[in-house]
Amino acid sequence: MSTFLQLLFSSLESGSVYALAALGIIIIFRTSRMTNFAQGSLGMVNAFVATFIYIYTGITPIIAALLGMVSALILGIIVDLVIMRRAKKVSPVSKQIITFGLIMLLLGLAPMIFGTSPLSFPRFIIKGAFTIGGASVTYNALFNIIVGLTIMLLLFYFLQKTKWGLAVRATASNEVTAQLMGVPTKTVTMGAWAVAAALGTLAALMLAPAITVNVSMMDNVQVNALIACVLGGFQTFYGPVIGAYVIGFTRNMLTYYISSTWGGAILYILFLVFIVFRPNGIIGKKRIKKV
Amino acid sequence: MKQLLKNPYSQFALFIILMALAPTLKQLGLLNSSTVIILGTVMFYSIVGIGLNVLLGYSGLISLGTAGFMGLGSYLSAYCTQDLGLSFFPSLIISVTVPLVIGLIIGLISLRIEGYYLAIATLGISEILRQVFAEMEFVTGGFSGKNAGYPQLFGIIKLNRQMTYILIAAFLLAILIFTYNFIKSRTGRALLTMRGSEAAAQAMGINLLKYKLIAFATATLYAGIGGVLYVHFIRFSYPSGWNLTLSLQILACIVIGGMRTISGPVFGAFVVFGVPELILKRLPVIGSIDGLAYIFTGVLIIVVILFYPNGLIYLGNDLQSLFRKKRVKNNG
């Protein structure tokens, strides 16, 4: 039982990381019809920024993380202004390819600016742990879980209850109509990129203490976040979040109870089998194609 | 003569003859051996690119599993020749059949899911393959990688590096001609219709399943061939080489060179794999910066998609017509 609880808490923690990244992907998908494969790379670059701020000024990791997220907001806005705004008329496949180009660009820029050696970023809460039902949970893990959930709840509140959230939902449902109704869709899309980059950065920094800050730190998260989006369905904002926690939980269970080396591979195979039977995801509705 | 130059087959042959001259030029001292290796690299990545173009350009489906399939081909061929003692062609057949079968299975899956899911699904498959490369040590040699020799044809003729280079050139020629014919046939037209609108294609009696499977099969088959040529030319294969970045670079070849053209991916392979090694790295000051090749490729992808969506292969034609227009204006 204590092992199970332990696994549950670590699943919640890794699920939060995946969920934050997945939320970024879905926000961009819903507002600009584009699967953002560069979500992880955006997070990685800004995790480097936060780590540099932490190392050179010595402020607390939380402030450094917030500053990293601010730089992510700026980077997201730049990406939208410089690249994505010009890509309105490009086909969906080409839009995906643009994000591939963005990955390569960031992959080349990061070692140029920040050097090739991996850096370490500390935990937000450096020490302390408590036991619950025989499972030992660090305060940092609890902090990560709570921060992840809080941010998600705030975002959902924003989407459902505020005027700007309505603008985002209107853009998501039909961009042209939204524009005709006076919704500033350009600003909405720009905001989506900024928020997505910031969420990716937070995910990267939650992960950083365990795996150091390096160029390939987000590869795994990127794959899992995309899979979470497919699993939850691209039609709702909350689907991918549920998908992310499911992925985090399943992955931990598979690696612990079945095989530590093949757990990840089994997860991907299960995922492939799943999309054959439910191609629209857990909560996805079938979209009727109009010709 | 002029007509001969306009014929695509003779163009392909001429290009390959030019490429095949490289080892001779090296012996004459005009090229150094690293340039020959890079040209060989460009050629087998061209083969992979041409295959992926059938999938991406002609049928509009994105696969991110290319590097994984290439790796699979390379490991299998290394295993067949080194551990089982097979000669080159039997090992080639085995090493391309396995990726082909997996490609067909993904083709079946792809029919169930929408376009943008497919890149994600193939990403998952390449992750599985990478895990397999790292863990199945008796075939792949695990993290330390796997060695292979230059190809041995029919069990008797042992090739050296120059001859392997010529062999790759011969493969590229065969693939260029085969793909050209294939695209100009009924199949190619069906794929193009499918890309335009699946519903319209279906209404015209095009069997979506069949043609999607053909597109996937071609892409994985060529990736397998590319992997086999890779391992017998570079003579080494290790798991971290077959990552997402390589898949993206091959995708970049097609996008930069030109989708829906036969020679586009070849041109793109020169730009993506040749230019950084041959030109960028030799530039003063900026040449030594890490990651310059990635930035170059990334920026090119974005710029080409935004401003030149047909690909750089048309650059020559467009410049020519621009020049002609100017001349006409000046005359008038």
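Modeller: The account below begins with conventions and then moves from chain B to chain A.

The model is predicted, so that local features need pLDDT of at least 70 and side-chain atom pairs count only at pLDDT 80 or more, whereas totals for chains, interfaces and linings use all residues. Residues are numbered from 1 along each chain as its sequence is written, chains are lettered from A and ligands numbered from 1 in the order in which they are written, and side-chain values rest on heavy atoms, with hydrogens and water left out.

I begin with a helix pair in chain B. Two packed helices are described by the angle between their axes and the distance between the axes. In chain B, helix α4 (residues 33-58) packs against helix α12 (residues 208-234) at an angle of about 170 degrees, and their axes are 6 Å apart. Here an axis is a line fitted to C-alpha atoms, for helices over the stretch in contact, and angles run from 0 to 180 degrees between N-to-C directions. Helices (H or I, at least four residues) and strands (E, at least two) are DSSP runs, numbered from the N terminus. At that angle, α4(B) is roughly antiparallel to α12(B); the term applies over 145 degrees, while under 35 counts as roughly parallel, 65 to 115 as roughly perpendicular and the rest as oblique. The contact of α4(B) with α12(B) holds 20 nonpolar, 5 polar and no charged residues. In this classification Ala, Val, Leu, Ile, Met, Phe, Trp, Tyr, Cys and Pro are nonpolar, Asp, Glu, Lys and Arg are charged, and the others, Gly among them, are polar. The crossing of α4(B) and α12(B) is left-handed, a label given if the near helix is turned anticlockwise from the far one by less than a right angle, and right-handed if clockwise.

Helix α5 of chain B (residues 66-82) has 17 residues and reaches 24 Å from its first C-alpha to its last, close to the expected 24 Å at 1.5 Å a residue. The expected span is 1.5 Å times one less than the number of residues. Of the 17 residues of α5(B), 15 are buried, and the helix is mostly covered. Buried means under 20% relative accessible area, exposed over 50%, and partly exposed in between (1.4 Å probe, protein chains only).

Further along chain B, B:Ala269 lies in helix α14 (residues 264-278) and is buried at 0% relative accessibility. Beyond residues up to four places away in sequence, B:Ala269 touches B:Val42, B:Tyr45, B:Ser46, B:Cys253 and B:Gly274, where contact means heavy atoms within 4.5 Å. B:Ala269 and B:Ile254 are 15 residues apart in sequence, with their C-alpha atoms 7.9 Å apart. B:Val271, in helix α14 of chain B, is buried at 9%.

B:Thr297 brings chain A into the picture. This residue lies in helix α15 (residues 292-307) of chain B and is buried, with a relative accessible area of 2%. Apart from neighbours within four places in sequence, B:Thr297 is in contact with A:Met104, B:Ala252, B:Ile256 and B:Val272.

In chain A, helix α4 (residues 92-114) has 23 residues and reaches 33 Å from its first C-alpha to its last, close to the 33 Å expected. Because 18 of its 23 residues are buried, α4(A) is largely enclosed by the rest of the structure. Just after α4(A), A:Gly115 takes a positive phi of about 85 degrees.

Also in chain A, α1(A) and helix α5 (residues 139-161) pack at an angle of about 30 degrees, with their axes 9 Å apart, and are therefore roughly parallel. The residues of this contact divide into 12 nonpolar, 3 polar and 1 charged.

The loop between α1 (2-32) and α2 (39-57) of chain A contains A:Asn36, which is buried at 0% relative accessible area. Contacts of A:Asn36 beyond four places in sequence are A:Ile25, A:Ile28, A:Leu42, A:Thr99, A:Trp193 and A:Gln222. A:Arg33, found in the loop between α1 and α2 of chain A, is partly exposed at 36%, and its phi is near 50 degrees, positive in a residue other than glycine.
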